[in-house]
Amino acid sequence: MSTIIRKASIMGGDPADIRIEDGQIVAVGVNVGGADVEIDASGLIALPGLVDLHTHLREPGGESSETILSGSRAAAAGGFTAVHAMANTSPVADNANVVDYVYRKGLEAGYVEVRPVGAVTHNLAGESLADIGAMARSTAAVTVFSDDGKCVGDSLLMRRALEYVATFGGVIAQHAQDPRLTIDAQMNEGAMSAELGLAGWPRVAEEAIIARDVLLAEYTGARLHVCHLSTAGSVEVIRWAKQRGIQVTAEATPHHLLLTDDLAQNYNPLFKVNPPLRTRDDVEAVRRGVADGTIDIVATDHAPHGSATKDCTWSDASFGMVGLESALSIVQHALVDTGLIGWADVARIMSTTPARIGSVDGYDAPLTVGSLANITLVDPSATTVWGADKLAGRSTNTPFTGLTLPGRVVHTFFRGTHTVRDGSIVELSQAGNA
Amino acid sequence: MKHFISTRGIDSATAIRLLDTTADMADVRQRDVKKLPTLRGKTVANVFFEDSTRTRLSFEAAALALSADVSTFTSKGSSVSKGESLKDTVQTLESMGADFIVLRHCDSGAAATLAQSGWINAHVINAGDGTHEHPTQALLDAYTLRSRLFGDSARGRNLAGVRIVIVGDILHSRVARSNVWLLATLGAHVTLVAPRTLMPRDIAAWPVAIVHTLDEALDEGVDAVMTLRIQKERMNDAFFPDAAEYTRFWGMTTARFDAVRANTLVMHPGPMNRGLEIAGSIADSANSTVRDQVSHGVAARMAVLYTLLGEDAS
């Protein structure tokens, strides 16, 4: 079957037609012929399919809040064609069986490429290395390793992990949080935590770990990826490390590009997230860090939680926000519409570079002839009053309810398969359900 | 007001009205018949997720003095660890007829969450939430100060120009937070004293002066010193080295007491660690307000119940 996308602005540039056959882009230009399916994309921007380096799909173990299928659908709705499923499931993805299970369920769902992330340490306990080699050589071919949710706090273990993962060509994605500096921490330590009487999560707990880790990366010659950095000081440390030539990449989440800690004022647990929402100065610094390339990518840290874990006191509530469906709109709102970056940059920070960090094939030459047909068509002129009704996953813990957000994902193609059509998720026949 | 969650945001006129109502209730408690019929037929549910016998008894006495029916729910530790959520607990109590929920909870913000959640329609009174606020304690403290300083001419007055030092574990103290907002609204000059480890960061916007040793604060001349209870386990978390050193720099010792003006009041919310944050002889002295505070606690809590009930009538 062939499909032609007509008059899409290629990454914000000139309009062109894109012809898709057998899951590949076979022509881009003005005279690409006819096709079985034609899509009028005038006014829409064509981006390469988005790649999320940081997704919690909750399966196995947390199926009441998300499954690999429901999370895959949420990802497609947000314009993603690949997600990295974090390892903090139950059981933990610290061995080949679990990562292969996640990988296979992703294939069965069929909406996006699900790339399992392997744990760095057994059971995320921070004590002994997980089965890193076995996961790297499994069917899932894991390349990203992370104890996300927890920090690899022990310096010796982090050194060994960097060296050992480098042996297999992978990368460690560190959740930078000094455990001792953040005992019982509930929110950013600052004026708001002082007033609310909530235990503070001080910025130095993140910055000190990043500083240690970039030095360990330099010393070992290994690659390091820093998850969801949230403070102005973290941006400075990464900038310094890159100037020294250290092999470090960094990510920021959409929520840290927009929201601030004063939202905790009423103890609404929807705003409880780890790392916590910071101050306006931090938001500005993180935005500038993305704009100048210090921060390489935006990743969602999509963290579904059922209502019971948010319908309670702040301290009892779980950390985390869903973010797959809203990510592109938040990036447009915080970075594109503010003039900090263009759409080609969006393609870089949300597709090409996260794919490179995660060693995901098929994204190195976006929207060109011969590449996989992973394509997201977004209407940048649309506006949406955000709410739970815009979500496609199983949980509704979005912090953006009530905000008027720009941009809307109109179509998503995953290897040529239409996963989102006219803003609605296409019902695929599930291999697993067939 | 529908709920009583925090002293922050209470305006000056409302604060003075609450103090005057407290005075009315204190008068009732001096009469032969120490009860008012105000809450007859109403139920006050004391919901205590944290041990506090004295606060619970004070609220019970206040509710009984207003002729309310009282039910009490106590549960140690976090609600989640007990398997039943705060939401389920309070909905159960409301279904049993509670018109007022008096909530003591180990989590900061628990009372605010309850008031805003839509889970219940009952009035919510914060009886202490984590390290956030303890607003009835602040009300009774302000009332105690006002009546001790101004006696029979106290009614209708604020605390303009009154100099108050609050010393101790400000970081973890809900009593300190509630007092800061209420005393500042009433026009008092508040000085907070603590080692840097026990002082919250980034409080430049608070309406207080901040110093780090008690001697420095007392040198300025004060009308009242409020000593806070220090949790001994803070020593294990490296907030300060040991009890002796705490007392040396932040304790209300007899030497310090002898050096301040003879009529300086010494307050303590209780329960006291005698010899640690306050010398026993000071606690028992004529300058001590400790027993007044306990007595006024019942009147202040009556005033809050009375004021919230007024909301239903209006």
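Predicted model: local features only at pLDDT ≥ 70, side-chain atom pairs only at ≥ 80, totals over all residues.
**Exercise 1. Two salt bridges in chain B**

Task: For the salt bridge between B:Arg56 and B:Glu60 and the one between B:Asp284 and B:Arg274, state where the residues lie in chain B.

Solution: Take B:Arg56 and B:Glu60 first. Their closest N and O atoms are 3.3 Å apart. Both belong to helix H2 (residues 53-65) of chain B, and because they are four residues apart there, about one helical turn separates them. B:Glu60 is buried, at a relative accessible area of 15%.

Now take the second pair. The side chains of B:Asp284 and B:Arg274 meet at 3.0 Å, N to O. B:Asp284 is in the loop between helix H11 (280-283) and helix H12 (290-313) of chain B, and B:Arg274 is in the loop between strand E9 (265-267) and H11 of chain B, so the pair ties together parts ten residues apart in sequence. With a relative accessible area of 54%, B:Asp284 is exposed; B:Arg274, at 47%, is partly exposed.

To place these pairs in context, the whole structure has 33 salt bridges over all chains. A network of salt bridges links A:Arg6, A:Asp17 and A:Glu38.

**Exercise 2. The interface of chains A and B**

Task: Describe how many residues are in contact between chain B and chain A, how much area is buried, and which residues of chain B lose the most area.

Solution: Begin with the residue counts. On chain B, 25 residues are in contact with 15 residues of chain A. The two chains bury about 1,500 Å² between them, and 48% of that is on carbon and sulfur atoms.

Then turn to the polar interactions. There are three salt bridges between chain B and chain A; B:Arg201 and A:Glu189 meet in a salt bridge at 3.6 Å, N to O. Eight residue pairs are in polar contact between the chains, both residues at pLDDT 80 or more.

Finally, assign the chain B side to helices. Helix H3 (79-82), helix H4 (86-95), helix H5 (110-116) and helix H7 (174-185) of chain B each supply at least two residues of the side that touches chain A. H5(B) gives the largest share, four residues. By residue class, this side of chain B has nine nonpolar, nine polar and seven charged residues.

**Exercise 3. Covered strands**

Task: State how many residues of strand E6 of chain A and of strand E4 of chain B are buried, and which strand pairs with each.

Solution: In chain A, strand E6 (residues 50-55) has six of its six residues buried, so the rest of the structure largely encloses this strand. E6(A) pairs with strand E7 (residues 80-85) of chain A in the parallel sense, over four bridges. The bridge partner of A:Asp52 in E7(A) is A:Val83.

In chain B, strand E4 (residues 123-129) is mostly covered, with seven of its seven residues buried. Strand E3 (residues 100-105) of chain B runs parallel to E4(B), and five bridges join the two. B:Val102 stands opposite B:Ile125 in E4(B).

**Exercise 4. Backbone features in chain A loops**

Solution: A:Pro60 is in the loop between E6 and helix H1 (68-77) of chain A.

Next, consider phi. A:Asp184 is not a glycine but has a positive phi of about 60°. A:His228 also has a positive phi, near 25°.

Key:
Residues numbered from 1 in each chain as written. Chains lettered and ligands numbered in written order. Heavy atoms only, no water. Contact = heavy atoms within 4.5 Å. Buried area = accessible area lost by both parts, 1.4 Å probe. Salt bridge = Lys/Arg side-chain N within 4 Å of Asp/Glu carboxyl O. Polar contact = N/O pair within 3.5 Å; in protein donor to acceptor, adjacent residues only side chain to side chain. Nonpolar A, V, L, I, M, F, W, Y, C, P; charged D, E, K, R; others polar. Buried < 20%, exposed > 50% of the residue type's maximum accessible area, 1.4 Å probe, protein only. Pairing = 2+ DSSP bridges.
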